[in-house]
Amino acid sequence: MAFILVAQQSNAQVQSDDRIKISGIVKDGKTGNAVASASITALTAVRREGADPDTLTNISITDPDGKFVITAPRGIRTIIQISVVGFGMEEIPVTILNDLSAYELGEIKLSTEASSLATVVVTARKPLMTIGVDRRIFNADAAITSKGGNAVDLMRQIPSLSVDVNGSVSLRNSSPQIFVNGRPTILTLEQIPSDDIDRVEVITNPSAKYDAGSTGGIINIILKKNRKGGLNGVATLGAGTPSLFNGGLSLNYRKNKVNLFVSGNYNQSGGIARGEAYRENKRNGQTTDFFNQQTDRERLRKFSSVRFGMDYDFNDFNSISISQGFVRGAFENDEEQRQQYFAANGQPTQTGQRFSTDDFSFNRANTQLNYRRTYTKPEKEWTADITFNTGTNGGNGDIRNFFYNMEGQLVSTPNTVINDATGSGTQVTIQTDYVNPLSENSKLEFGARSYHNFSKDKLDVFSLQSGNMSKLPLSNNYSFREMVNAVYGNYSNKIGKLGYQAGVRIEQSSFEGELIDSSRKFGYDYPSSGKNLLNAFFPSLYLTYSIKDGSDIQVNFSRRIRRPNFWQINPYVDITDPLNIRKGNPELRPEFTNSFELNYNRTYSTGNVLVSSYFRNNTEDITMFSDTLTTAEYDALGNAAIDPNAILNTFINADRTNRMGLELTWQQRIGNNFDFTPNFNAQYRDVKANVRGIDLSNTGFNWSTKLMMNYKINQPDAKFFNNFSFQLSGEYESPRVMPQGKTKEQYYMDFAIRKDFLKNNAGTLTFNVNDVFNSRRFGSITDTENFYQDSYRRWNVRTVRLTFSYRFGRQDLDLFKRREGGDRNGGGETGEG
């Protein structure tokens with residue numbers, strides 16, 4: 001392609017570190033269809049003769065319409081590189097010598113044959129992660145250790161994120177808000193196949209544009225949507241141990257203005273996970289008795305899903321998308337607990353056994369309708385969409401308790417607890433956003449959002465003893481309604497090298513819950529009856545200074561809210577573990593977070609470094625509080641097979657929790673075949689809390705580190721070993737303070753091998769081992785005036801899986817074209833072409 005030089009007569013000196021916006025539209029050279037998700041890279045061009053490697057200056061991705069905007073340094077010869085699977089790489093050399101505000105490349109048509117610039121050395125690989133000062137975008141396909149798994153397996157590979165044994169994700173030791181395609185979801189991470197995910201966006205300190213409920217940041221999961229012309233698809237099949245099986249098929253067809261897509265997946269996992277607990281009960285600082293407990297849980301989890309939809313482009317500026325998804329899950333759990341009880345002098349007093357089984361299933365449906373309006377002005381757009389989620393669930397189970405004296409005789413009549421549950425829920429989100437670039441550097445954004453969540457569930461619990469059945473107070477018949485209405489506005493501009501963005505979000509929220517059997521109501525309303533109006537305002541401010549080409553420093557601030565969820569405020573008692581029961585607190589209040597960050601981002605030819613320091617002040621921090629059951633609380637539970645020494649875990653509002661931390665993320669490529677991404681996070685936590693006159697204040701330092709390494713063999717002459725990829729990842733988390741103790745250290749390692757083969761590397765075989773040393777487990781130590789407990793538990797065990805994927809497609813297939821010369825009516829006439 002010819003060299004592009006845009007020049008203008010000017011006597012003014014132009015600084016080499018000035019940047020210019022370059023935009024264009026990427027299209028399929030054969031069909032003329034837009035090419036979405038193409039990687040756009042700006043690199044400074046360097047001649048072959050003894051020069052240093054090229055320098056990466058910016059990265060972007062084309063939108064669903066094939067459009068992109070990227071910045072490049074003015075006055076420096078730059079390569080705009082375009083690459084996407086299925087097409088040859090396109091390289092456009094550009095130098096801007098004038099003071100134009102922007103430059104439009106127009107339509108860029110890709111072909112199946114690569115075009116290259118003979119005098120330029122450029123080596124590009126799709127990065128594992130794109131790091132920016134406001135977010136990190138993680139390429140899901142790069143995490144081969146999660147192949148065939150679910151979103152939980154993928155989250156474990158992402159820097160800054162930690163996943164506990166229950167599949168819950170934390171970001172810098174806080175709970176982030178989970179979105180799918182930018183909208184709330186009723187799906188859990190375990191219910192989303194990793195093979196369905198295109199990328200994951202991690203936003204540590206969201207601006208006013210995003211939901212104020214995201215005190216712990218935002219994780220936005222973007223699902224795959226293929227928009228290549230013709231018919232394309234991917235088929236996947238995998239199996240492993242224990243009881244692992246996965247399969248999936250995704251198809252996409254695009255012709256002119258219509259894009260159709262459909263996908264289906266099945267995922268199954270099993271295994272036996274072990275947990276242990278040691279407890280000392282105390283009175284006035286003296287041990288009264290103690291016991292040990294071991295738990296073995298065998299579980300089988302099955303998920304199936306289907307998703308289909310259509311994109312339609314009315315014209316160059318108006319498009320609409322509609323999608324429908326269905327997910328079904330079924331769980332089977334069998335658990336055995338063994339207890340050994342001891343007197344204060346260490347003499348055994350009795351033993352116990354507890355057997356429990358439960359079966360649970362659910363059905364989920366998701367409908368999304370999106371409208372998008374673009375304009376001739378670059379980056380100006382208006383979007384409006386509706387997301388509708390519905391679901392039903394049900395299940396049943398039983399718990400059987402046996403206690404024996406030291407001679408092996410039953411000390412009481414065995415007790416059985418039976419439960420039966422049904423429920424349904426609905427979520428509706430209506431949202432609109434408008435973006436208008438007022439000038440080259442200034443931009444105005446505003447929008448509105450209305451979120452409604454309705455749920456109704458019923459749990460009946462009965463005690464069966466000596467043939468007599470009685471309903472227990474554990475029964476829970478409830479309903480709730482949650483609502484959040486919001487409007488926001490953002491304005492951004494630039495003064496010299498300093499860019500700024502200021503915004504404010506206003507949210508009204510309410511929660512109305514009711515225990516139907518007792519007519520007890522609970523919830524919150526913010527702001528309430530016109531009071532506490534300041535609690536409805538959530539400002540944000542971002543200041544970004546460009547030190548030099550490829551280096552930026554940013555300071556940002558945001559105020560956010562964490563509203564207690566249903567399980568935290570529902571006074572229902574969960575007896576899944578008879579020694580560690582849980583109960584919600586209807587008196588919980590929302591917590592508010594003031595979050596500050598200082599970020600330095602440096603991009604260079606072979607990598608990227610992001611250094612973040614942060615401070616978070618959480619007022620009325622929602623945290624867990626544990627204490628032994630009182631006699632009154634034990635008697636109120638009736639014949640529920642609860643140990644009199646059980647711990648009651650509930651939630652409280654601490655006075656405040658301060659977190660100060662430093663995080664380093666480094667992405668480095670060595671040569672063309674090896675790269676590694678280490679992440680390090682150190683944090684100091686200061687908790688101040690007082691409950692029932694008990695001082696729960698605590699301070700401590702914790703740290704974590706994560707490393708991912710990739711190596712790919714690229715030797716065309718080595719027929720068998722060529723296109724082998726190896727990935728090794730691992731994480732370590734140090735102990736972390738809690739109001740009444742600390743969590744224990746955690747660590748794990750994952751390993752995977754991938755082989756691409758067949759014509760055009762259409763086939764992929766992946767072998768992965770998750771939790772190589774079988775070490776992933778969650779443990780904690782709780783130390784109070786009434787008890788000391790040291791425990792750990794697991795949810796998953798080491799897995800070994802082999803997965804095969806096959807990609808197929810044709811660019812010029814017309815599904816709706818009638819066969820030429822065919823008989824349209826079954827007679828001898830020739831059909832019209």
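D198 is classed as buried, with a relative accessibility of 18%, where buried denotes under 20% relative accessible area, exposed over 50% and partly exposed the range in between (1.4 Å probe, protein chains only). The side chain of D198 forms a salt bridge with that of R199, at an N to O distance of 2.8 Å; a salt bridge is defined as a side-chain nitrogen of Lys or Arg within 4 Å of a carboxyl oxygen of Asp or Glu. The model is predicted, and local features require pLDDT of at least 70, side-chain atom pairs pLDDT 80 or more, whereas totals for chains, interfaces and linings use all residues. Residues are numbered from 1 along each chain as its sequence is written, and side-chain values use heavy atoms, with hydrogens and water left out.

The protein contains 3 helices and 49 strands, taken as DSSP runs (helices: H or I, at least four residues; strands: E, at least two) and numbered from the N terminus. Of its 833 residues, 51% are buried. Among contacts (heavy atoms within 4.5 Å) with a separation of 6 or more, 68% involve residues 24 or more positions apart.

In total, 26 salt bridges were identified. R254 and D313 are paired at 3.2 Å, N to O. R254 belongs to strand β17 (residues 244–255) and D313 to strand β19 (residues 286–313), so this pair ties together parts 59 residues apart in sequence. Both R254 and D313 are buried. Strand β19 also holds R297, whose partner E335 lies in strand β20 (residues 318–343); this pair therefore ties together parts 38 residues apart in sequence. The E335–R297 salt bridge has an N to O distance of 2.9 Å, and both residues are buried. A network of salt bridges links R274, E276, D296, E336 and R338.

L543, in strand β29, is partly exposed at 33% relative accessibility.
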